[in-house]
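Dear colleague,

I am handing over the structure below, together with an account of what was found in it. Please read the notes alongside the sequence and the model.

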Amino acid sequence: MSDFFIAVEDVTKVYATKAGPVHALGPVNLSVRSGDFVAIVGPSGCGKSTLLLLVAGLLECSAGRVVLGGVEVRGPRTDVGIVFQTPALADWRDVLGNVLLQVELRGHKARTFEPRARELLDSVGLREFEHRFPFELSGGMQQRAAFCRALIHDPPLVLMDEPLGALDALTREQLRTDLERLWMNTGKTVLFVTHSITESVQLADYVVVMGPRPGLIEQVVRIELPRPRTIEVREAPQFHRYVHDITEVFLRRGVLTR
Amino acid sequence: MFWRHRWVALGGATAMGVIVFLLLWELILNVLHVPRYVLPPPSAIFRQFQRHFSLIWRYTLVTEAEVLVGYAVAIALGVPLAAFIAFSKFLERTLYPSTVALEMVPKIAFAPLFVTWFGFSFLPKIIIVMLITFFPIILNGILAFRSLIPELFYFSRSTGAGPWMMFWKVRAPAALPQLFVGLKIAATNAAVGAVIAEWIGGDAGLGYYLQISAGNMWTDLSFGIIVLLSVLGLALYYAVSVAERKLIPWHVSQRVLQARS
């Protein structure tokens, strides 16, 4: 267990609602090595977002535990960066201010991180927009700013909950490429939730396939494709075989029908 | 070219509208020979302002002071209280029902009681203005402090920021737009509160003056006072709007849709 960066051990999550307890997730077991890009695919309501929040410590496990970097998760963990489906930028700050918000909230002086923030914005093509406000940016640009915000404090783990889900198809494709490049340059561990099978195969080293509620892990598929996953790689037969395998899991579980 | 600037054009159009309206008013009354005590023409109203200028001015200051102090106290009490209620389950369960219950009580009904307790002084009027402006501020304030998007909340929590840091850097700026809604509603009510407080237990102020004027059928003076009171109300609302423009320039409510007409 000690060489695993993330260890999810028999984790279950039950929500208490007015209509009674809702068994959202588990029990699930998962091990992730440092530096891996792990995608979690599953239908809506399967608990994949819940799993992400449990790993981050933003939700409490109903049973089981999560061990992150050798330390059990007991509350919100600060050694993570999170990106959500909505960019959730602070409307009242400009792009640079939003990226710096991450470090300001951690008690640092914004000034010391300004060069790093600018560097990150530059790497995602937002350098000229650093003084624009979120309402002046497109969805894709806002999301790129959110990526920078999640990376500025150099966390070892980055959690992404369907970050490309709200974007148009073209932007989505472009950002997938950008995301892979960023990950390859920084060597971080990434947990990436998505409901797109092709997206998971394109980006991940491992794809965790989840079934419908209550969320259980049906299968973990190891993706052995060369990196970077260029268009040639994505058009190769092996890519489609992986997509097919994962689709089969969903067909078996009734998530998809023939 | 000067008129192409949006605000100048708007201001100019409004001013023109007001002038035309006043001229028509004057004209129609003269043509129809409407008696003075029913509806006075603008010229008569203006003459009243000239004759009683110093008294009107003094009374305006009195009423304006009641409005501003009452409003300020309501903000000073309402905003922090809204924050506390929004963030504390305990306070929500204990204080919130009482504030709602108090809202249901017709506050004007308390006015005679305040006169009994505090006499004809400044204090009861401030209390009445405060009571009337307090509720929009606190109700909108509670909503304001609660309206943080979950993702922004989760993000803040993952930074490990403490409650103060989160409040100043995230919750407070996020709450401003909705807070201003409450402030603007309260502003429109403030002048009314002062006037009614003066009717019940006043010896000075525009409301008091209005009561005397109406009682004596000095309709032209009454109209003048009403116009003045409206201006006071508008001025406060406008001041809050200007503050809003300065503090939340980024908000969607401050943007003019850039569409070709």
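In chain A, Asp161(A) stands opposite Val193(A) in strand S8(A), where strands are DSSP runs (E) of at least two residues and helices are DSSP runs (H or I) of at least four, both numbered from the N terminus. This is a predicted model, in which local features need pLDDT of at least 70 and side-chain atom pairs count only at pLDDT 80 or more, while totals for chains, interfaces and linings use all residues. Residues are numbered from 1 along each chain as its sequence is written, and chains are lettered from A and ligands numbered from 1 in the order in which they are written.

The sheets of chain A

Strand S7 (residues 157-161) and strand S8 (residues 189-194) of chain A run parallel and are joined by five bridges; two strands count as paired if DSSP finds at least two bridges between them. Both belong to an open sheet of six strands with mixed pairing, in the order S6-S7-S8-S3-S9-S10 of chain A. Its edges are strand S6 (80-83) and strand S10 (217-222) of chain A, each of which pairs on one side only, and neighbouring strands are turned against each other by 15° on average, direction ignored. Angles here run from 0 to 180 degrees between N-to-C directions, and axes are lines fitted to C-alpha atoms, for helices over the stretch in contact.

S6(A) pairs with S7(A) in the parallel sense over four bridges, and Val80(A) stands opposite Leu157(A) in S7(A). In a regular strand the side chains alternate between the two faces of the sheet. In S6(A), Val80(A) and Ile82(A) point one way, Gly81(A) and Val83(A) point the other way, and all are buried, that is, 20 or more other C-beta atoms, placed from the backbone, lie within 10 Å of the residue's own.

Four strands of chain A form an open antiparallel sheet in the order S2-S1-S4-S5. Strand S1 (residues 6-17) of chain A pairs with S2(A) over nine bridges in the antiparallel sense, and Val8(A) has Leu30(A) in S2(A) as its bridge partner. Helix H1 (residues 48-56) of chain A packs on this sheet, touching S1, S2 and strand S4 (63-68) of chain A, and its direction makes about 115° with that of S1(A).

The helices of chain B

Chain B has ten helices and zero strands, and its C-alpha trace spans about 75 × 60 × 25 Å along its principal axes. Of the 261 residues in chain B, 33% are buried. Helix H3 (residues 53-87) and helix H6 (residues 122-146) of chain B pack at an angle of about 35°, with their axes 6 Å apart.

Helix H10 (residues 219-247) of chain B has 29 residues and reaches 42 Å from its first C-alpha to its last, close to the 42 Å expected at 1.5 Å a residue, the expected span being 1.5 Å times one less than the number of residues. Its buried residues include Leu228(B), Leu232(B) and Glu244(B), and what covers the buried residues of H10(B) includes helix H2 (42-51), H3, H8 and helix H9 (206-215) of chain B.

The contact between the chains

The contact takes 20 residues from chain A and 18 residues from chain B, two residues being in contact if their C-beta atoms, placed from the backbone, lie within 7 Å. On the side of chain B, the elements that give two or more residues are helix H7 (150-158) and helix H8 (163-201) of chain B, and H7(B) gives the most, with seven residues.

With best regards

Key
A residue is buried if 20 or more other C-beta atoms lie within 10 Å of its own, exposed if 12 or fewer, and partly exposed in between; C-beta atoms are placed from the backbone.
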